Amino acid sequence: MIVVMKPDHTQEELRDLLGRIEKMGLRTHLSKGERRTIIGVIGERELIQEIPFTSFPGVEAAHPILQPYKLVSREFKEENTRIRIGRQVEVGGEAVPIIAGPCAVEGRQVLDEIADALHAMGIPMLRGGAFKPRTSPYSFQGLGELALKYMSDVRERTGMPIVTEVMDPRDLLLVYKYADVLQIGTRNMQNFRLLTEVGQVDKPVILKRGMSATIKEFLMSAEYIVSHGNDKVILCERGIRTFESETRNTLDLSAVPLLKKLTHLPVVVDPSHALGRTDLIPAMACAAVAAGADGLMLEVHVRPQEALSDGAQSLTPQAMEELLERLEPVARAVGRRILRTNGGSQRHHSKAVGDSD
Ligand code: PEP
Ligand code: MN
């Protein structure tokens, strides 16, 4: 149920109502928007129906939320959620940030080379796996904490926030210590214990769509995280399994406008894992921005042929730079801009969030 408070409600009215709802054993989720205060009431339908919400002073209206996901739905919150990451990045606003970096952190030197190249072109965020979910137990599994240390050294040097995957609740404290954004991979989208755990921390989470998950299942997984208290969730479309085998997955771009309609959470697109090959990435990255994506995640490696994982889908820094040039007019055409930070040597970069004129 969503309870909408009157614009002139008092704090006491709000407190009384919250107290009454919680006394029934129901959970509340308060959202104070620019214009309105809204209470999400979660729990058993029968119990919720017992409360005469509109008879309480200060209440304007009460509507049941029809979808199974509540807190992440547009019905619950009309305006887009904007998530700040570090000083210079915001996801969900007008500017479209790019998260780029290697599939896995393979060593200090190679990571530094990649990160420096990205930083020089004004890419605002660095990705890199420390714990890798590999299909084969014999493949490179990631460098673990060492990789996290290398990444945090890059952040020290460049100011780039770091995005890295947490695969297991047992690793959460460790990953939390270093990461700015916690990534939940496609294979873990329905690891409900993990979702519950990241729901209890205060760092943003990028939740990747399960490769066989419906949009509804995807949103229910986001609901897990938000319902446990962490509303900084960024959804990531990264391709789904279909019968097609020319591409690694099928990039479901209709998910972008659909998700934007159903949820207030930001939506980013990862064309690298969707396509599995570099030649199609520029077209689909542009298409993602045109479709309304709030960000892109891209794999970049200085020597893709030597990459320990996902080399075939990793752009070189030069290809990344060419892609940036292609993306800019596309973003402008849909009323957005590509977020580039001032770390870069190129002077025509757009300003980062929070920079003053
Ligand atoms: C990744 O981004 O490193 C990754 C493993 O992606 P996905 O979970 O989408 O396969
Ligand atoms: Mn990868």
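User: Why are helices H7 and H8 described as oblique to each other?
Analyst: In this predicted model, H7 (residues 215-227) and H8 (residues 255-262) pack at an angle of about 50 degrees, with their axes 11 Å apart. Angles under 35 degrees count as roughly parallel, over 145 as roughly antiparallel, 65 to 115 as roughly perpendicular and the rest as oblique, so H7 and H8 are oblique. The axes are lines fitted to C-alpha atoms over the stretch in contact, with angles from 0 to 180 degrees between N-to-C directions; the helices (H or I, at least four residues) and strands (E, at least two) are DSSP runs numbered from the N terminus. As to conventions, residues are numbered from 1 along each chain, and chains are lettered from A and ligands numbered from 1 in the order in which they are written. Local features need pLDDT of at least 70, side-chain atom pairs count only at pLDDT 80 or more, and totals for chains, interfaces and linings use all residues, while side-chain values use heavy atoms without hydrogens and water.

User: What makes up the contact of H7 with H8, by residue class?
Analyst: Ile215, Phe218 and Leu219 of H7 meet Ala255, Leu258, Leu259 and Leu262 of H8, where contact means heavy atoms within 4.5 Å. These residues divide into seven nonpolar, no polar and no charged, with Ala, Val, Leu, Ile, Met, Phe, Trp, Tyr, Cys and Pro counted as nonpolar, Asp, Glu, Lys and Arg as charged, and the others, Gly among them, as polar.

User: Why is H10 called roughly parallel to H11?
Analyst: H10 (residues 281-290) and H11 (residues 317-333) pack at about 25 degrees, and their axes are 9 Å apart. That angle makes H10 roughly parallel to H11. On the H10 side, Ile281, Pro282, Ala283, Ala285, Cys286, Val289 and Ala290 meet Leu323, Arg326, Leu327, Val330 and Ala331 of H11, a set of eleven nonpolar residues, no polar ones and one charged.

User: How does the contact of H3 with H4 divide by class?
Analyst: The axes of H3 (residues 108-120) and H4 (residues 145-158) come within 10 Å and cross at roughly 35 degrees. The H3 residues are Arg108, Leu111, Asp112, Ala115, Asp116 and His119, and those of H4 are Tyr150, Met151, Asp153, Val154, Arg157 and Thr158. By class, the contact has five nonpolar, two polar and five charged residues.

User: Which residues are around ligand 1, and what distance does an oxygen atom of ligand 1 have from the side chain of arginine 127?
Analyst: Around ligand 1 are Arg127, Lys132, Pro133, Glu165, Gln183, Gly185, Thr186, Arg187, Lys208, Arg238 and His273. An oxygen atom of ligand 1 is 2.7 Å from an N or O atom in the side chain of arginine 127; for glutamine 183 the distance is 2.8 Å, and for arginine 238 it is 2.6 Å.

Terms used. Near = heavy atom within 4 Å. Polar contact = N/O pair within 3.5 Å; in protein donor to acceptor, adjacent residues only side chain to side chain.
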